[in-house]
Amino acid sequence: MKMRNAGIPAMIFILILSFAGYASPVMAGKFKKEYKLTLNVGSSFYWGMGATKFAELVKEKTRGQINVKPYYSSILLKGAQMKSPQMVAMGVIDCAMESTINTSAVIPEMNVFHLPFFINNFENLDKLENGETGKALFQTMEKVGLKGLAWAENGFRQVTNSKKEIRKPADLKGLRIRVVGSPIFIDTFRQLGADPVNMNWGDAITAFQQGVVDGQENPMGILVPVQIHNYHKFASIWNYLVDPLVIYWNKKQWDAFPKDIQDAILSAAREAGRFEKALCRSGLDGEISHNILKNEFGHTMKVPEPVKFLESKGMKISFLSDEERKAFIDATKPLYEKWVPKITNEIYEKAKTDMAK
Ligand code: X2X
């Protein structure tokens, strides 16, 4: 009898808590043992090092309460890199450090970064991420159940191949180029007369080894760690589009975290993003990123000058002149008609405004 009476106030207490939104496992101090983080590359890539850093910082800043475990090389997705945002939105995976390319199947607005020859340099990219465009993109993520925490970077993508130097669109004619399974990439390379083949990154490395494809496109932060010089002799530095990364979390889970935990994870994401960006930009932005790495993170790059490094391995690295780039810009311009509406005019205009600031 006594027991039953005691149960009623307890029930009411729990009900009140749940209506107030507090009845999450968090309340009882029961965080999950492990929060799974997905990313598409291995731990030796700069992006992979960024994910490792994020996990370390989260642990440190939450005083061991939150344990993020990076699952490298899309292992949780069996390599299906384009599925990461879906899986995080569904809560099958807790969080991600993922490329905007791999996010673009769910959030087509992310293709604002992948419009050929639109963004062109680090300065413009930073303006977009820190400006109205970045804000709008994070809002779009929330609509599909993802909480964007911070930007990081894969980088400006450059084309490499085993056959010939590429300086003009005609040089790409007929070349089999591995691209990610994202339609804007297929469109771009078809438009330039190449023969694009879409393939997950996990299969791509074997395809380079076996010569199944003639070429591919990826940023320096991938080309150096994957030792592209072992497969391809030619690289053209054309900065044709950029590939930022976003650190994001399942929104429902995120909203249930107490404020101090959210703040700690956010701060970890920003710091890891800053570190990882500097890794990817080092040797490509004068002394800026070298100094960030040295002064803020006590980190020295093993390969401080990526271009010189690849050249020392026998690659021919071609920098396109403005005029040469113009031929590629003109050739890919017609794609804007199809892709700007998918990105939405609103985001496209915001991006132009941010870059003009
Ligand atoms: O698949 C790629 O090319 C990579 C590793 O750059 C991405 O995940 C977008």
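This is a predicted model: local features need pLDDT of at least 70, side-chain atom pairs count only at pLDDT 80 or more; totals for chains, interfaces and linings use all residues.
1. The shell around the ligand holds 14 residues. Those that come nearest are Asn-40, Gln-81, Arg-157, Arg-178 and Asn-218. By type, the shell divides into five nonpolar, six polar and three charged residues.

2. **Polar side chains at the ligand.** Three of these pairs deserve a look in the viewer. Asn-218 places a side-chain N or O atom 2.7 Å from an oxygen atom of the ligand. For Arg-157, the distance from a side-chain N or O atom to a ligand oxygen is 2.9 Å. Gln-81 also has a polar side-chain atom 2.9 Å from an oxygen atom of the ligand.

3. **Burial of the ligand.** How much of the ligand does the protein bury? Taken alone, the ligand exposes 270 Å², and the protein buries 100% of that area. The space that the ligand takes is the largest cavity.

4. **Elements that build the shell.** Two elements give two or more residues to the shell around the ligand. One is helix H4, residues 100-103. The other is strand S4, residues 146-161.

5. Asn-111 sits in the loop between H4 and helix H5 (122-130). Is Asn-111 buried or exposed? Its relative accessibility is 3%, so Asn-111 counts as buried; the cut-off for buried is under 20%.

6. **A distance for orientation.** Asn-111 and Lys-259 are 148 residues apart along the chain. Their C-alpha atoms are separated by 32 Å.

Technical notes:
Residues are numbered from 1 along each chain as its sequence is written. Side-chain values use heavy atoms; hydrogens and water are left out. A residue is near a molecule or strand if one of its heavy atoms lies within 4 Å of it. A polar contact is a pair of N or O atoms within 3.5 Å; within protein, one must be able to donate a hydrogen and the other to accept it, and residues adjacent in sequence count only if both atoms are side-chain atoms. Accessible areas come from the Shrake-Rupley method with a 1.4 Å probe; for residues, only the protein chains shown count as cover. On a 1 Å grid over the protein atoms alone, a cavity is a set of points where a 1.4 Å probe fits but cannot get out, and a pocket is an open set with protein on both sides within 12 Å along at least five of seven lines; lining residues have an atom within 4 Å of a point. A molecule sits in a cavity or pocket if more than half of its atoms lie within 2 Å of its grid points. Helices (H or I, at least four residues) and strands (E, at least two) are DSSP runs, numbered from the N terminus. Ala, Val, Leu, Ile, Met, Phe, Trp, Tyr, Cys and Pro count as nonpolar, Asp, Glu, Lys and Arg as charged, and the others, Gly among them, as polar. Buried means under 20% relative accessible area, exposed over 50%, partly exposed in between (1.4 Å probe, protein chains only).
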